[in-house]
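Q: Please take a close look at the strand pairing in this model. Then relate it to the packing and to the ligand surroundings.

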Amino acid sequence: MSVPILNASGCLDALVAPDVARTLDAFVTKTVTLLPREGNPPPRIAEVEHGMLNSIGLQNPGIDAFVSEALPALAELGVPLWVSVGGFSAREYAHVCERLDECEDVTTIELNLSCPNVEEAAETAAEITRAARAATSKPLYAKLSPATWDLAALARAVAEAGADGLSLVNTIRGLALDPATGRPVLARGAGGYSGPALLPIAAACIHACAHAVDLPIVGMGGVASGADAAMLVAAGASAIAIGTALFADPLAAERIRAELASAVGTPPAADRDSRSLSQASSA
Ligand SMILES: Cc1cc2nc3c(=O)[nH]c(=O)nc-3n(C[C@H](O)[C@H](O)[C@H](O)COP(=O)(O)O)c2cc1C
């Protein structure tokens, strides 16, 4: 089975590990915002049972420094480049998308509409998607939260607003307390929970959205093996992203690609044709 494999945003620094980035079918940047951000205070990563918690808080250099410094270096990798975009209002998302629209090296924009570690924009995900759609003609993927009660309805709303695809799922909010002190392990308190425990949650989200909208879906959440990836494909994903697993196994993409290729008896994507990443990107 040939399924494009990406990294999940924020889980790989391609400039620090270019050889790892070259194992991917597309590289997704950490979320970029209009202004530079230092992120939340440390500690902001913790290992917990069945995964990890992070409260990075969208640390990034801001769109100006990203475009002038990081982007030219990323373009030299020779890997299709997806840029993840965040913001605190629809206008901010639109500004960043407008800047990226001028950048030839950017193939796709992923709207991070679901970071659990920062304040949310006042506008809805659909309003933000509509503003971003007006600002760029590049393919737009909406990255949604597994904590959304009616995710299928949200998927329909962002599709109507102009999204070309969905990225499912972001982390889900979790809290770890130090048993000795009863205090949160992360300085911010709660963080985003990622890793193996997310897999069935991601499968449910992908399955619900695949039946609600006719958009390609990048599936992520706890993927660490070919069998995990095959499950998200069976649920309706047409591409897979790997996040937390990359910290323990930087070459996970190559391994998972090989495991998927030799998968026997993998069920086909449920009731839908699985569109390829390239088709999705040229939408
Ligand atoms: C350390 C860390 C940083 C992350 N940063 C971002 C980010 O900047 N933007 C984003 O959309 N998602 C971010 N995520 C979420 C991942 O992209 C992914 O959606 C989530 O971790 C689920 O996949 P996984 O279980 O394979 O890690 C981050 C996750 C981790 C663990």
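A: Asn112 stands opposite Lys143 in strand 7. Strand 6 (residues 106–112) and strand 7 (residues 140–143) are paired in the parallel sense, over four bridges. Here two strands pair if DSSP finds at least two bridges between them; strands (E, at least two residues) and helices (H or I, at least four) are DSSP runs numbered from the N terminus. Residues are numbered from 1 along each chain as its sequence is written. This is a predicted model: local features need pLDDT of at least 70, side-chain atom pairs count only at pLDDT 80 or more, and totals for chains, interfaces and linings use all residues.

Strand 4 (residues 51–54) is paired in the antiparallel sense with strand 3 (residues 45–48), over four bridges. Val48 stands opposite Gly51 in this pair. Two residues lie between the strands of the hairpin, and His50 takes a positive phi near 65°. Strand 4 also runs antiparallel to strand 10 (residues 191–194), joined to it by three bridges, with Asn54 opposite Gly192. Both faces of strand 4 are covered: Gly51 and Leu53 on one side, and Met52 and Asn54 on the other, are all buried. A residue is buried if 20 or more other C-beta atoms lie within 10 Å of its own, exposed if 12 or fewer, and partly exposed in between, with C-beta atoms placed from the backbone.

The largest nonpolar core has 86 residues, and Ile206, Cys209, Leu232, Ile240 and Ile242 have the most contacts inside it. Such a core is a set of buried Ala, Val, Leu, Ile, Met, Phe, Trp, Tyr and Cys residues joined through C-beta atoms within 7 Å. Helix 6 (residues 199–212) gives the largest share of this core, eight residues. Apart from it lies another core, of five residues, including Met52, Leu53, Val185 and Tyr193.

Around the ligand there are 26 residues, of which Ala8, Gly10, Ser194, Gly243 and Thr244 are the closest; a residue counts as near if its C-beta atom, placed from the backbone, lies within 6 Å. The shell divides into 10 nonpolar, 14 polar and two charged residues. Ala, Val, Leu, Ile, Met, Phe, Trp, Tyr, Cys and Pro count as nonpolar, Asp, Glu, Lys and Arg as charged, and the others, Gly among them, as polar.
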